[in-house]
Amino acid sequence: MTDDDTFESAVYYDDDANRSYIDDKTVAVLGYGSQGHAHAQNLDDSGVDVIVGLRESSSSRAAAEADGLRVATPVEAAAEADIVSMLVPDTVQPDVFEAIRDELEEGQTLQFAHGFNIHYNQIRPPEGVDVTMIAPKSPGHLVRRNYEADQGTPGLLAVYQDETGRAKEEALAYAQAIGCTRAGVIETTFREETETDLFGEQAVLCGGVTALVKQAYETLVDAGYSREMAYFECLNELKLIVDLMYEGGLGDMWDSVSDTAEYGGLTRGDDVVNDEVRARMETVLDDVQNGTFAREWIAENQAGRPSYTQLRAAEKSHDIEAVGEDLRSLFAWGGETEGSETEEDE
Ligand code: NAD
Ligand code: MG
Ligand code: MG
Ligand code: MG
Ligand code: MG
């Protein structure tokens, strides 16, 4: 663990993990999608006994079997396991939990990769069961690829319920077995992980950035500029800028762009994303913190996703998607970039 005061949170590395906490255990990995296939294969390669839990009808069964893993139903897998890793989609976790709850016994562990269902009380774990989280901060295909390349994927660790007194040690051992402690595991809480994850994807990563791109694209096109130029300036070049920020922070990005771009950005950026936008970000955060967003999303799912379906269709039909598809197919790089491969099936 980092014992200086560089970080506000505790950060754990390989040496902090003790694999004896997991070596003789059986882990049931429920779901074989993005995270599930990566956790299951990394645990298996690390010598941990793994059983993948999937419905009889699941199209993922063939993939898990082809990868040499034992497959059973979620109920059978949970009954056999010491640790149950809940890696089905967040929206179906409550139903899967209801199906397996009778199999959970004292001393077993229920583990998550995201805190939504525990934090918003959609899953109420039984007494006697440890409840932990190991959340890689990366899509599953990178968790797998990094592991195979002897590299790590940063992750988060949280303990919600520690009935055995060894919840944290066991979670750290799990993090080591999937390769996360090679890069570093930050300690957090279910509340902090859930709220920051939802806020980040809404305000910046998924919501904020797409809205910024669309508004800027429309501004140029409405002013008479070509759709192709608008696409390149407002969407395509974003990757180059984000890569620089990822590698060296805002500073490396400012250093790499022209002085004109830097001065223009420094003088105009705060006018675009101004204090009014900041106030709306606070509203977005309020909705996350007070449960408004969670209640809305749960109700939306219960109603069969009517708004979500409409919003998805509207987004797909935005003009920037049509021009982008044409341009990406015309240009030699074909839109193929690191990490752009599609995710595993549902
Ligand atoms: P996913 O959608 O990629 O995988 C879903 C898997 O669950 C599939 O194998 C599917 O067959 C199975 N499944 C679907 N419905 C099922 C049901 N009713 N019963 C049994 N199995 C069912 O899921 P994911 O994105 O890997 O998410 C899993 C967890 O990991 C979530 O808690 C998510 O928040 C978290 N997480 C995801 C990422 C990511 O990048 N995808 C990153 C960090 C954490
Ligand atoms: Mg995510
Ligand atoms: Mg996230
Ligand atoms: Mg998320
Ligand atoms: Mg330019």
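Predicted model: local features only at pLDDT ≥ 70, side-chain atom pairs only at ≥ 80, totals over all residues.
Figure 1. Ser 58 sits in the loop between strand S3 (49-53) and helix H2 (61-66). The unreviewed UniProt entry lists Ser 58 under "binding site", together with Tyr 32, Gly 33, Ser 34, Gln 35, Arg 55, Ser 60 and Gly 140.

**Figure 2. Gln 35 and its contacts.** You will find Gln 35 in helix H1. Gln 35 counts as buried, because it has 27 C-beta neighbours inside 10 Å. Beyond its neighbours within four places in sequence, Gln 35 is in contact with Leu 87, Ala 113 and Gly 140. Gly 140, like Gln 35, is listed for "binding site" in the unreviewed UniProt entry.

**Figure 3. The shell around ligand 1.** H1 gives the most, with three residues. By type, the shell divides into 12 nonpolar, nine polar and five charged residues.

**Figure 4. Ser 258, an exposed residue between two helices.** Ser 258 lies in the loop between helix H12 (238-256) and helix H13 (259-272). With 8 C-beta neighbours inside 10 Å, Ser 258 counts as exposed, since the label applies at 12 or fewer. For "binding site", the unreviewed UniProt entry lists Ser 258 as well.

**Figure 5. The open sheet of nine strands.** Follow the strands in the order S1-S9-S8-S7-S6-S5-S2-S3-S4, and note that the pairing is mixed. Strand S1 (11-12) and strand S4 (70-72) stand at the edges with a single partner strand each, so one side of each has no neighbour in the sheet. Inside the sheet order, strand S2 (residues 26-30) pairs with strand S5 (residues 83-86) in the parallel sense over four bridges. One bridge to look for joins Val 27 to Ile 83 in S5.

**Figure 6. The largest nonpolar core.** Among the 55 residues of this core, Val 52, Leu 157 and Ala 175 touch the most other members. Helix H7 (residues 167-177) supplies the largest share, seven residues. Apart from this core lies another, of six residues, including Tyr 217, Ala 230, Tyr 231 and Ile 320.

Definitions and conventions. Residues numbered from 1 in each chain as written. Chains lettered and ligands numbered in written order. UniProt positions renumbered as here; feature names shortened; annotations may be inferred. Buried ≥ 20, exposed ≤ 12 C-beta atoms within 10 Å, placed from the backbone. Pairing = 2+ DSSP bridges. Core = buried A, V, L, I, M, F, W, Y, C linked by C-beta atoms within 7 Å. Near = placed C-beta within 6 Å. Nonpolar A, V, L, I, M, F, W, Y, C, P; charged D, E, K, R; others polar. Contact = placed C-beta atoms within 7 Å.
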